[in-house]
Amino acid sequence: MLFNSVHYLLFFPVVVALFFAIPFRYRWFLLLVASYYFYMCWKPEYAVILVVSTLVDYYCGKKMGGITEKAKRKPYLYLSLVTNLGVLFTFKYFNFFNESVREAFNHFNLMYEVPAFELLLPVGISFYTFQAMSYSIEVYRGSIKPEKHLGVFALYISFFPQLVAGPIERPQHLLKQFYAKHQFSYQRVTSGLKLMAWGFFKKLVVADTLAVFVNEFYSHPQDFDGLSLALATVFFAFQIYCDFSGYSDIAIGTARVMGFDFMQNFRRPYFSKSIRMFWQRWHISLSTWFRDYLYIPLGGNRVVKWRWYYNLFITFLISGFWHGAYWTFLIWGALHGLYLVIELIAKKPGQQLATITGIRRVPIVHQLLRMGITFVLVCIAWVFFRAETVNDAWTVLSTIAADGWQTIKQLGLAGMFDFSAFHADVLKIDWGIALFGLLVLLLVELLQVRKNISYWLMQQPFAFRWSIYFVLVMSILLLGKYEQQTQFIYFQF
């Protein structure tokens, strides 16, 4: 079931109404049934994997909870990790490794007859397996006690707002919320609905409109010039941001309506002044997961420098592979790992250069320059993330580089309003909608730097406040893409 579907718009109010209408002791069961129904709307067979992961991790947690010696808990931790990672490998990575081995054998003219698995990747498998593993790891560490209630634990794994694309919640934060008696609160409900509306605006108006251009140019990049491909890459940067953060806003808003609190998943990432800052603001639930369960166990920054750089690089390489079994994702992750290592090495020389040139004496110029460099580096990596193949990614980058200065000159206003590259008149309308959506997005995020928009709106006069809400809702209804429902980008992971 997609958030941006009529099905969800009927499902959500029914669940919320029943949630507040029934006695507290039955609410966990309602949410569990609703969550499984939500997930099984894609493919009922998917639920089998969810049940297996839930039962194995519940069993391992209970067993570890009854053992005082940490070393003796390891077999159950390994059972949990092997089960979850095994399921993930089978459905998501087996064919990648199988094909790589096949190519290696063919290179040496050797027979290799292991067939590929014809398996459909279950929606959101990378998200709920990571959430399940975080529970087992925390119980093993002794940070939390094992959950005794199987139904509540199953709800922790499958809670529908964040089941298929996060945020990836930690057990110590979410489990206890299922035992809280959430009362109906007008202020909380309206706050959640406003956040959901903003998420729908980002998805339907901004992301899905930008997708028209991005899909056109990236489907056959060899047919376009540097300007078109540079513009498509910038558009993709905002498409994936609005698509994914839009999903997160809808998920967080949905949970908030019922009284649940999810962690913030995005915090204005394109205003970052470094790659390090970017990853403190982008997909926060995943980046902190890798930090706590991979980077720090590897030694983090508490090791010699070369090992520190290795820990950073390998963490981001694996995070790239988490997104999918394709070389493009591996390169994307490797690039970000490389960026961070270079950033650490060049930090002092960069500061000295900024001082010598006098840029640091003008803070606004210095900050804008850093933001610009960070955004360009992120966009270069996004090329590999979006391209269908590594060859397509090189085509995009080489074409942009070959056009060089000519592309930069075309990026002025005259070039921006040149529609000659587009093949259909309707795209001129989409162009206007895209620019409107981006302007609204940037304006809101600029305001959020200095104030809480939601709180600020509550302080405004009734007429002004509801005028803003009306314009937002009408923009979604009139400008949103409804011709065909588009799946959220991160559902494929």
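Reply: Happy to! Helices (H or I, at least four residues) and strands (E, at least two) are DSSP runs here, numbered from the N terminus. This is a predicted model, in which local features need pLDDT of at least 70, side-chain atom pairs count only at pLDDT 80 or more, and totals for chains, interfaces and linings use all residues. Residues are numbered from 1 along each chain as its sequence is written, and side-chain values use heavy atoms, with hydrogens and water left out.

With that in hand, Phe108 lies in the loop between helix 4 (70-107) and helix 5 (125-141). Phe108 counts as exposed, at 59% relative accessibility (buried is under 20% relative accessible area, exposed over 50%, partly exposed in between; 1.4 Å probe, protein chains only). Together with Val101, Phe105 and Leu110, Phe108 forms a nonpolar surface patch with about 370 Å² of accessible area. Patch residues have over 30% relative accessible area and no salt bridge, and nonpolar side chains (Val, Leu, Ile, Met, Phe, Trp, Tyr) are joined within 5 Å, like charges within 9 Å. A salt bridge is a side-chain nitrogen of Lys or Arg within 4 Å of a carboxyl oxygen of Asp or Glu. Areas come from the Shrake-Rupley method with a 1.4 Å probe, and for residues only the protein chains shown count as cover.

Now for the other residues. Tyr59, in helix 3 (residues 46-65), is partly exposed at 41% relative accessibility. Leaving aside residues up to four places away in sequence, Tyr59 touches Tyr76 and Leu79 (contact means heavy atoms within 4.5 Å). Arg370, in helix 15 (residues 363-386), is partly exposed too, with a relative accessible area of 34%.
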